[in-house]
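Hi,

Here is the model I said I would pass on.

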Amino acid sequence: MDKEQAECLVRTGADTPMGRLMRRYWVPVMLSSEIPEPDAPQVRVKIMGERLLAFRNSDGQVGLIDEFCAHRGASLFFGRNEECGIRCSYHGWKFDITGQCVELPQKPELAGRMKIKAYPCLERGGVVWTYMGPPELRPEPPALEWCLIPEQNRFISKRLQECSYLQAMEGGIDTTHASWVHRYELDIDPMHKHALANKYIKADGNAIFDIEETPSGLTIFGRRNGEPESFYWRITQWIFPWFTLIPPFGPHPLGGHIWVPIDDENCWAWSINFYPDKPLAADERQAMEDGKGIHVKYVPGTFRPVANRDNDYLIDRVAQKNKESFSGVEGFSIQDASLQESMGPIQDHTRENLIPTDRPIAMTRRMLYRAARDLEKGIEPPALKAELQTVRAASVLLEKEKPISDWAKTALKADPERPVFSV
């Protein structure tokens, strides 16, 4: 990848091509539970380099406004959330969820002329979403399958990842790494054990790809050897601009991720598990809360994982030597994050040497870059229609002579009435 393309992909500020593209989509900001009730304490939020403040007003509505007061720039984090607005503690100026100053005690008649930046919000799937693009171009609300099911059917977590969103997201697109870094944990993790898929993933580390460019993004068909007369297929979905859906494992819940830039060198890594048609079992939910599967344990009071770069991700060389962990790091998400963060905050993509198993990554980069440059020419971004998000990941054993494209025509639509395909 040349330097110009690499720079375009990883710079997400408001005045950059990628930043303008990403702001045309609904952006996951925070868990609804972070502001659990009216007039709960406000929360600092940083998204794509913008320092913002989220709060739930006295009527229960969520607002996302500039963190800093229009008067002399004091942080509204230290203000008061009361009576349907945030009041600055410095001089008492008060702002509502639209960013409008509604009280200016020293000169009341000037309040109507004072306003700070604000973005519209909605809540769906236990997540607060915001739209940061041109108001007249706001798309339909998100319609990913996990957004629209009952709360008891899903579990959502987020964690800080200390690197560019791009190198984090590419781990969610790359299905081949599971044969290596995760191989010893597949059989013991409660969200992966007892899946027949584990045998095929460990036995065949060189997936062969068929990749379909779709209106929503990419459908990535990764083929491994299965039984003597079959292939094992893992079908990953990448949905513009930052969603991935993970091929499921055996009887376990479906899974997915979202990779949202905090700034150019950090991102929020969201992890979702869900069943389309039934509640999560109590032991499954407990395992997720305990940081198993694709979730993590946190430093108390934060969303930073306990295992992080400051402690070398708690690497255990004995476990590595004894083949209890391939890399010596415990946990699927931290195994990935440790390697992605080891590249540096922003990997120098011009130094990479990609091979055929990196085709999904190369195609994703190309599509993002093309969409960003097309937007500069006035061409609308892909996948703005909510219905295009209603797809599923899958894993399946198919007879060797059966084309995966024929099977996929009806199998990958997200619909509670349709079966989940999982091996």
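**Notes on the model**

Thr 16 counts as buried because its relative accessibility is 15% (buried is under 20% relative accessible area, exposed over 50%, and partly exposed in between, with a 1.4 Å probe and protein chains only). Before going further: this is a predicted model, so local features need pLDDT of at least 70 and side-chain atom pairs count only at pLDDT 80 or more, while totals for chains, interfaces and linings use all residues. Residues are numbered from 1 along each chain as its sequence is written, and side-chain values use heavy atoms, with hydrogens and water left out.

Back to Thr 16, which sits in the loop between α1 (3–10) and α2 (17–22); helices (H or I, at least four residues) and strands (E, at least two) are DSSP runs numbered from the N terminus. A polar atom of the Thr 16 side chain lies 2.9 Å from the backbone oxygen of Arg 11.

Arg 11 also forms a salt bridge with Asp 264, with the closest N and O atoms 3.4 Å apart (a salt bridge is a side-chain nitrogen of Lys or Arg within 4 Å of a carboxyl oxygen of Asp or Glu). That pair links distant parts of the chain, 253 residues apart: Arg 11 is in the loop between α1 and α2, and Asp 264 in the loop between β17 (254–263) and β18 (266–274). Arg 11 itself is partly exposed, at 28% relative accessibility.

What does Asp 263 pair with? Its salt-bridge partner is Lys 46, the closest N and O atoms being 3.2 Å apart. Because Lys 46 lies in strand β2 (residues 43–47) and Asp 263 in strand β17, the pair ties together parts 217 residues apart in sequence. Lys 46 is partly exposed at 33%, whereas Asp 263 is buried at 19%.

Glu 352 and Arg 365 make another salt bridge, at 2.8 Å between the closest N and O atoms. Here the parts tied together are 13 residues apart in sequence, since Glu 352 lies in the loop between α7 and α8 (359–376) and Arg 365 in helix α8. Arg 365 is buried at 4% relative accessibility, while Glu 352 is partly exposed at 24%. The structure holds 31 salt bridges, and a network of them links Arg 80, Glu 82, Glu 83, Arg 87, Lys 94 and Glu 103.

The largest nonpolar core has 71 residues, and Trp 129, Trp 146, Met 169, Trp 242, Ile 258, Trp 270 and Leu 368 touch the most other members (a nonpolar core is a set of buried Ala, Val, Leu, Ile, Met, Phe, Trp, Tyr and Cys residues joined through side-chain atoms within 4.5 Å). A second, separate core of 13 residues includes Cys 69, Trp 93, Leu 104 and Ile 116.

Trp 129 turns up again in a sheet: it is in β11, opposite Leu 122. That open sheet has 3 strands in the order β1-β11-β10, with antiparallel pairing (two strands pair if DSSP finds at least two bridges between them). β1 (26–31) and β10 (121–124) are the edge strands, each with a single partner, so one side of each has no neighbour in the sheet. β10 and β11 (residues 127–131) are joined by 4 bridges.

Last one: is Ser 325 buried or exposed? Ser 325 is buried, at 7% relative accessibility, and is found in the loop between α6 (317–321) and α7 (332–342). A polar atom of the Ser 325 side chain lies 2.9 Å from the backbone nitrogen of Gly 328.

Cheers

Methods: Polar contact = N/O pair within 3.5 Å; in protein donor to acceptor, adjacent residues only side chain to side chain.
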